[in-house]
Amino acid sequence: MPDRQRLTETLIDLIKIDSPTGEEDAIDAHLSGILAYLGGVVRHDDYGNLVATFPGSDGSGSQTPVMLSAHMDTVEPGRGIKPTLDADGETLRSDGTTILGGDCKAGIAIVLEGLTSAIEDGAPLRPLQVVFSRAEEGGLNGARNLNFSLVEAKSGMVFDGEGAVSRVCVGAPAQNIVQCHITGVAAHAGLEPENGVSALLVAANILTRLPLGRIDHETTSNIGLLEGGLKRNIIPERAYLDGELRSRDQAKLDNYTAEFRRAFDQVAAMYPKAEIELNIWSQYRAYSVPEKDPALADISRAVSSIGLTPTMETTGGGSDANVFFEHGIVALPVGIGVRDFHTTRETANLSEIYDAARVCQEYISLK
Ligand SMILES: [Zn+2]
């Protein structure tokens, strides 16, 4: 059985190792040491993602390994975090000046405790691979650069979801990034305004034509940044737009992306002297796992085995799971007992984290 005290200490230790995105070396060294001590063959790819392979009990390696994954980085403000435990001994939180970093340190602690406990208990283990990615926050860049030739697993669990471990994320959207540089014509606003073309006005025209917000029940879009102009008395020559489109339905995403392109083209036709340089690209693709998928059944079995009822949920955000899916690996996010991700109000619930460690142990134990 997992040890709640040890699990809590592991989590607090991990939270105290700063690891904002791009600065994962210290936590990586710490985790590499632990995984090697537990008997894993620890490797890194060129990006610095950590892959630890455990052969399984019979050592034959004949069975395809399962994946246990989490990410090593955190968002900011995430330096010098001081985790404190509420009087009830149940909830961990920061002092309010930083995030807690439960996302995704709780996920890592769950994997370590599940694995440690399984080894201690001596039950036969499935072959497994622990994948701890870098730079998940802000674009899944670690997973996108992961050397997948190191990963043999075809299914697994991603410990990076909100709330209880029984919450299994079976669908997530695709995201397209939308960026546009607009170049108009600068002119003195008082002396010769008729010779200028306002890049900000071009941008405003574009904005009013785009489908924005919640477009339908599985599609959203946003232009989150508009920059431009120079001075009060100059017709603005430059403007810049940065935004995104997301949908759980890839075909819808493609359609709305085409609608975006048409809106930009229409405005370009209205302002022949302006230059509109539009870039739209896929950040990650959508996934959706049917109820009967064996990888999902495998996770549900582990959740049910500790007396919880799995619930299948969809999300509006992407995670490493999207990238794994693109590479043929059905590894689904589950809850890690953490709430209010990416805020200074973030909390971690120790009972839920303990349950997740139990589920992790069940998942990797041979049945
Ligand atoms: Zn996360």
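Because the model is predicted, local features need pLDDT of at least 70 and side-chain atom pairs count only at pLDDT 80 or more, whereas totals for chains, interfaces and linings use all residues.

Begin by colouring residues 4–172 together with 288–364 as domain 1, and residues 174–284 as domain 2; these bounds come from an automatic or database domain assignment. The C-alpha centres of domain 1 and domain 2 lie 38 Å apart.

Next, select the interface, where 12 residues of domain 1 are in contact (heavy atoms within 4.5 Å) with six residues of domain 2. Domain 1 and domain 2 bury about 670 Å² between them, 45% of it on carbon and sulfur atoms; buried area here is the accessible area, taken with a 1.4 Å probe, that two parts lose on being put together, summed over both. On the domain 1 side, show strand 8 (167–172) and helix 8 (320–326), each of which supplies at least two residues that touch domain 2; helices (H or I, at least four residues) and strands (E, at least two) are DSSP runs, numbered from the N terminus.

His71 belongs to strand 3 (residues 66–71) and Asp160 to strand 7 (residues 155–162), so the pair ties together parts that are 89 residues apart in sequence.

Stay with Asp103 and look at the peptide bond from Asp103 to Cys104, which is cis with omega near 15°; Cys104 lies in helix 3.

In helix 3 (residues 102–121), select Glu113, and in helix 1 (residues 4–15) select Arg6; the pair ties together parts that are 107 residues apart in sequence. Their side chains meet in a salt bridge at 2.8 Å, N to O, one of 16 salt bridges in the structure, each being a side-chain nitrogen of Lys or Arg within 4 Å of a carboxyl oxygen of Asp or Glu. Between domain 1 and domain 2, by contrast, the count is zero salt bridges.

Two backbone stops remain. Another cis peptide bond joins Glu76 and Pro77, with omega about -5°, and Pro77 lies in the loop between strand 3 and strand 4 (84–85). Finally, select Ala135 in the loop between strand 6 (128–133) and helix 4 (141–144), where its phi is near 45°, a positive value in a residue other than glycine.

Terms used: Residues are numbered from 1 along each chain as its sequence is written. Side-chain values use heavy atoms; hydrogens and water are left out.
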